[in-house]
Amino acid sequence: MRRLAVAGFVSLAIAAGSWWWWQRSGEPPSRFPIPGEGERITVEVLNGTGIDGLARTMTLSLRAQGIDVVYFGTADNDTMAHTVVFARTDDTTGLGRVLEILGVGTLVTEEDSLLLLDASVYLGLDAARLVGRSP
């Protein structure tokens, strides 16, 4: 009788511990959408204005909305007045979302399969004005 009570207690303790561990190990929900879930859009963001930190600021905005920014940096041209999103593949379905998040820009198709991107975002002065930056 005593062995049966101990076995029952041990079984109950294992079940409760397993349930507690399972509840704790669940990952907390992500604060931001995770790139790669659903429609995946990969872009690079290049600063074409000469204004320090603009590409980083816009990268954070895009990533917060689930856009997979794989690179950001400085464009060869630093005198761009307008933002241009260059589509690097023939599928431009998700790029309207990039333009919507940026709030500015025009879409131009300039395919380049070597870049392995959906788009290259060249930021102009119009994007800088949106975030309160000026040269």
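# Close-up views of this structure

Two salt bridges are counted in this protein, a salt bridge being a side-chain nitrogen of Lys or Arg within 4 Å of a carboxyl oxygen of Asp or Glu. The model is predicted, with local features needing pLDDT of at least 70 and side-chain atom pairs counting only at pLDDT 80 or more, while totals for chains, interfaces and linings use all residues. Residues are numbered from 1 along each chain as its sequence is written, and side-chain values use heavy atoms, leaving out hydrogens and water.

**View 1. Four helices and five strands make up the protein.** Helices (H or I, at least four residues) and strands (E, at least two) are DSSP runs, numbered from the N terminus. Starting at that end, you can follow the elements in the order α-β-α-β-β-α-β-β-α. Of the 135 residues, 33% count as buried; buried means under 20% relative accessible area, exposed over 50%, and partly exposed in between (1.4 Å probe, protein chains only).

**View 2. Five strands form an open sheet with mixed pairing.** Read across the sheet, the strand order is S2-S1-S5-S3-S4. S2 and S4 are the edge strands, each pairing on one side only; two strands pair if DSSP finds at least two bridges between them. From one strand to the next, the twist averages 20°, with axes fitted as lines to C-alpha atoms (for helices over the stretch in contact) and angles running from 0 to 180 degrees between N-to-C directions.

**View 3. Strand S3 pairs with S4 and with S5.** S3 (residues 84–87) and S4 (residues 106–109) run parallel and are joined by four bridges. Going from S3 to S4, the chain passes through helix H3 (residues 95–102) in a right-handed β-α-β crossover. Right-handed here means that, with the strands pointing away from the viewer, the path from the first strand over the helix to the second runs clockwise. Between S3 and S5 there are also four bridges, in the antiparallel sense.

View 4. Which way do the side chains of S3 point? Val-84 and Phe-86 point one way, Val-85 and Ala-87 point the other way, and all are buried. Phe-86 stands opposite Val-108 in S4, and Ala-87 has Thr-109 of S4 as its bridge partner. On the S5 side, Val-84 is bridged to Tyr-122.

**View 5. Asp-68 and Arg-40 form a salt bridge.** Side chains of opposite charge can pair when their charged atoms come close. For Asp-68 and Arg-40, the distance from N to O is 2.7 Å. This pair links distant parts of the chain, 28 residues apart: Asp-68 belongs to strand S2 (residues 68–74), while Arg-40 sits in the loop between H1 and strand S1 (42–47). Asp-68 counts as buried because its relative accessible area is 14%.

**View 6. Glu-110 and Arg-88 form a salt bridge.** Their side chains meet at 3.3 Å, N to O. Glu-110 lies in the loop between S4 and strand S5 (119–123) and Arg-88 in the loop between S3 and H3, so this pair, too, links distant parts of the chain, 22 residues apart.

**View 7. A nonpolar patch lies on the surface.** Val-6, Phe-9, Val-10 and Ile-14 form this patch, with about 400 Å² of accessible area together. Patch residues have over 30% relative accessible area and no salt bridge, with like charges joined within 9 Å and nonpolar side chains (Val, Leu, Ile, Met, Phe, Trp, Tyr) within 5 Å. Areas come from the Shrake-Rupley method with a 1.4 Å probe; for residues, only the protein chains shown count as cover. Val-6 is part of helix H1 (residues 2–25), and counts as partly exposed because its relative accessibility is 46%.

**View 8. Leu-116 has a positive phi although it is not a glycine.** Most residues other than glycine have a negative phi. The phi of Leu-116 is about 55°. Look for Leu-116 in the loop between S4 and S5, where this residue is exposed because its relative accessible area is 75%.

**View 9. Two pairs of C-alpha atoms are shown here.** Gly-73 is buried because its relative accessible area is 14%. Ile-101, in helix H3, and Gln-65 are 36 residues apart along the chain, and their C-alpha atoms are separated by 7.6 Å. Ile-101 is partly exposed, with a relative accessible area of 24%.
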